[in-house]
Amino acid sequence: MNPFAQNLLWVFRVKDCGGAAAAVATAKRLGAGLIVKYHDGDPADDAKYGFQEQFRAVLQAGEGQGVPVLAWGYCYGNKYGNLLKEADAAARALKEGARGYVIDAEGEWEVPGSDDWARRFVERVLSQVPGAQLAFAPFWNMRYHPRYPAKAFAEAGCVAVMPQVYYALARKRPDQVAAMWQVTLEDFSPYGLAVYPIGEFPGATAEHVRAFLAAIGDRPRSWWLLDKASPDLLEAAFPEPAMVPFAQYKRVVDELEIAREKLARIREIVG
């Protein structure tokens, strides 16, 4: 199964979610999986941040509760000469148990030669973890980012693209979110990958969230960011199934019973 084809919550710092157990409990209650930060650039610096430690804590808690856990890392490409170290970190997360890995590749990749970076990154991971499930998380459109290596990521072996449809960051009103999503869909559909958009919590309103859901339909999506998710935003992002009022339900049942009786009488007359 494509691990990105489900509803997911991104985690930056687990401590801001109440800890690993609390993050997993929230995800389980909402029927979601978690994408947990594993590294920021060169994982040699991780002692300063503890990202790998937090990932392992969430992974352990998630396995006990049946909550799928994926990993992500902010990747700088070869800007600092650490491209292969970043790819090795992605491979390590997958070997440790992440169901998938998301390459958070942003502005650093908008340079000449980044197509080669993308291919080398993906190929390096796949050489260590054959069949690894990889996705990349770019900006929400490509028309303003012509140097971004989206095509190279797709051709190298990523199975999904997760565009950052950050309506609040883009200063879009709720009534503009649908048009924003159409641009995203038009820009990424040509790459032949599944498109699973990322919705935004920081700076957003519940109206933004509902507009995003209405625009994308039943497509799998993820949410940036559990760390910044207020109860009203979570409620908007994960609405309870609509309940049919009893009176309405009873009326439909009664109408069906009447129709059944009429059909029975017709059968008696005809038969």
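Predicted model: local features only at pLDDT ≥ 70, side-chain atom pairs only at ≥ 80, totals over all residues.
Which residue in β9 does Leu 8 stand opposite? Leu 8 faces Ser 222.

Start with the whole. The protein has 271 residues. Its secondary structure comes to 9 helices and 9 strands. Along the principal axes, the C-alpha atoms fill a box of roughly 85 × 40 × 40 Å. Of the residues, 51% count as buried.

Now go to strand β1, residues 8–11. Both of its faces are covered. Leu 8 and Trp 10 lie on one side, and Leu 9 and Val 11 on the other. All four are buried, that is, under 20% relative accessible area.

Strand β1 has partners. One is β2, residues 33–40, which pairs with β1 in the parallel sense over 4 bridges. Within β2, Ile 35 is the bridge partner of Trp 10. Another is β9, residues 222–224, also parallel to β1, over 2 bridges.

Next, follow the chain. Helix α1 spans residues 20–30. Together with β1 and β2, helix α1 makes a right-handed β-α-β unit.

Step back to the contacts. Count those between residues at least 6 apart in sequence: 79% join residues at least 24 apart.

The protein exposes about 13300 Å². Carbon and sulfur atoms supply 53% of that area. There are 31 positive and 33 negative side chains. The centres of these two sets lie 1 Å apart.

Methods:
Residues numbered from 1 in each chain as written. Heavy atoms only, no water. Buried < 20%, exposed > 50% of the residue type's maximum accessible area, 1.4 Å probe, protein only. Pairing = 2+ DSSP bridges. Right-handed = clockwise from strand over helix to strand, strands pointing away. Contact = heavy atoms within 4.5 Å. Areas by Shrake-Rupley, 256 points an atom, 1.4 Å probe, with all protein chains shown as cover. Lys, Arg positive; Asp, Glu negative; His and termini not counted. Charge placed at Lys NZ, Arg CZ, Asp CG, Glu CD.
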